[in-house]
Structure formats: structure tokens, C-alpha cells
Amino acid sequence: NEYLSQLVLTAHLVDDEYQESIQQIFDINPETNLWVDAETGDTIRYMRGPVKLMERCKAKAETDYRNEPFPTSANVLDINRCSLVFDKISVMMDALKKLDNKVRYYSSGRVIAL
């Protein structure tokens, strides 16, 4: 699938920028991969994830999105990935609100959708 191969190639090209955008949104210290609230000690741990493999993208398009209009691969949106680990649910909820606002008002770098 030409569309999918272009999508995966682009994901590889922008992955560093995507990862940096996530770190900037959540004020992650790039040396420790942590955000620590100075007052409470609450933390967010950032972990870079791998770019999804072409084979997995193809399988996802063929199975998860088989009933979607062509090209089904256009529905595969989670190619660039990372993980954030929150020490409390309240920290996670605040982070989700922050991410939502950043994406909504186009100030989230390479992160373009939730």
C-alpha cells in the first residue's frame, strides 16, 4: 500500500520532533525523563516508544479498520508512540486537560490529534 508506506516513512522522519513535542508539552526533563512537581513531589515519567512497524500498521488496517472506507490505512493514527506514567490519577487528569488544550489551540508541536 503506497499510502501506508509513505505514512510510516513520514512517521520515522518526524519521530524525534514528535518525542520532543511530548516532552515540551509536559515539561519533561530530557536528562531524567521526568516531570516533578516542586511542591508536591508528584511525577510524570516519559518513555519513548518505537515507531509502529509497517507490518503492524498493515495488519491493523486490514483487521481493525476493514469496514472503513478506502484507504483503510488512513485510519492508522498511532504510528509515533510514547508512554507517560503518572503517580496519581489527579496528575493524569491534569495532564490530559493540558494536552487537550495544547492540541485544541494548535500549540502542541508535532502532536496533532488525541
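Is Lys 98 buried, exposed or partly exposed? Lys 98 counts as partly exposed, because its relative accessible area is 31%. The points below take up this residue and the rest of the structure, which is a predicted model.

1. Overall layout. The protein has three helices and three strands, and from the N terminus the elements follow the order α-β-β-α-β-α. Along the principal axes, the C-alpha atoms fill a box of roughly 50 × 25 × 25 Å. Of the 114 residues, 29% count as buried. The protein exposes about 7800 Å², of which carbon and sulfur atoms supply 53%. Among contacts with a separation of 6 or more, 66% are between residues 24 or more positions apart.

2. The three strands form an open, antiparallel sheet in the order 1-2-3. Strand 1 (34-36) and strand 3 (82-86) are the edge strands, each pairing on one side only. On average, neighbouring strands are turned by 15° against each other, direction ignored.

3. Strand pairings. Strand 1 and strand 2 (residues 43-48) are joined by three bridges. Leu 34 has Arg 45 as its bridge partner in strand 2, and Val 36 has Thr 43. In the hairpin of these two strands, six residues lie between the strands, and Gly 41 takes a positive phi near 80°. Five bridges join strand 2 to strand 3; in this pairing Arg 45 stands opposite Val 85.

4. Helix 1. This helix (residues 2-25) lies across strand 2 and strand 3 and runs at about 175° to strand 2. Thr 10 is placed in helix 1 and is partly exposed, because its relative accessible area is 41%. The C-alpha atoms of Thr 10 and Asn 80 are separated by 9.9 Å, although the two residues are 70 residues apart along the chain.

5. The whole structure contains seven salt bridges. In one of them, the side chains of Lys 98 and Asp 27 meet at 3.1 Å, N to O. This pair links helix 3, where Lys 98 lies, to the loop between helix 1 and strand 1, where Asp 27 lies, 71 residues away. Asp 27 is partly exposed, because its relative accessible area is 48%.

6. A pair with a buried lysine. Lys 52 forms a salt bridge with Asp 78, with the closest N and O atoms 2.9 Å apart. Lys 52 is in the loop between strand 2 and helix 2 (54-63), whereas Asp 78 is in the loop between helix 2 and strand 3, 26 residues apart. Lys 52 counts as buried because its relative accessible area is 4%; Asp 78, at 30%, is partly exposed.

7. Other charged groups. Asp 100 and Arg 104 meet in a salt bridge of 2.6 Å, N to O. Both residues lie in helix 3, four residues apart, about one turn of the helix. Asp 100 is partly exposed at 25% relative accessible area, and Arg 104 is partly exposed at 46%. Asp 15, Asp 16 and Arg 48 are linked in a network of salt bridges.

8. Nonpolar surface. Ile 89, Met 93 and Leu 96 make a nonpolar surface patch of about 310 Å². Leu 96 is placed in helix 3 (residues 89-104) and counts as partly exposed, because its relative accessibility is 46%.

Terms used: Residues are numbered from 1 along each chain as its sequence is written. Side-chain values use heavy atoms; hydrogens and water are left out. Patches are made of residues with over 30% relative accessible area and no salt bridge: like charges are joined within 9 Å, nonpolar side chains (Val, Leu, Ile, Met, Phe, Trp, Tyr) within 5 Å. Accessible areas come from the Shrake-Rupley method with a 1.4 Å probe; for residues, only the protein chains shown count as cover. A salt bridge is a side-chain nitrogen of Lys or Arg within 4 Å of a carboxyl oxygen of Asp or Glu. Buried means under 20% relative accessible area, exposed over 50%, partly exposed in between (1.4 Å probe, protein chains only). Two strands pair if DSSP finds at least two bridges between them. Axes are lines fitted to C-alpha atoms, for helices over the stretch in contact, and angles run from 0 to 180 degrees between N-to-C directions. Contact means heavy atoms within 4.5 Å.
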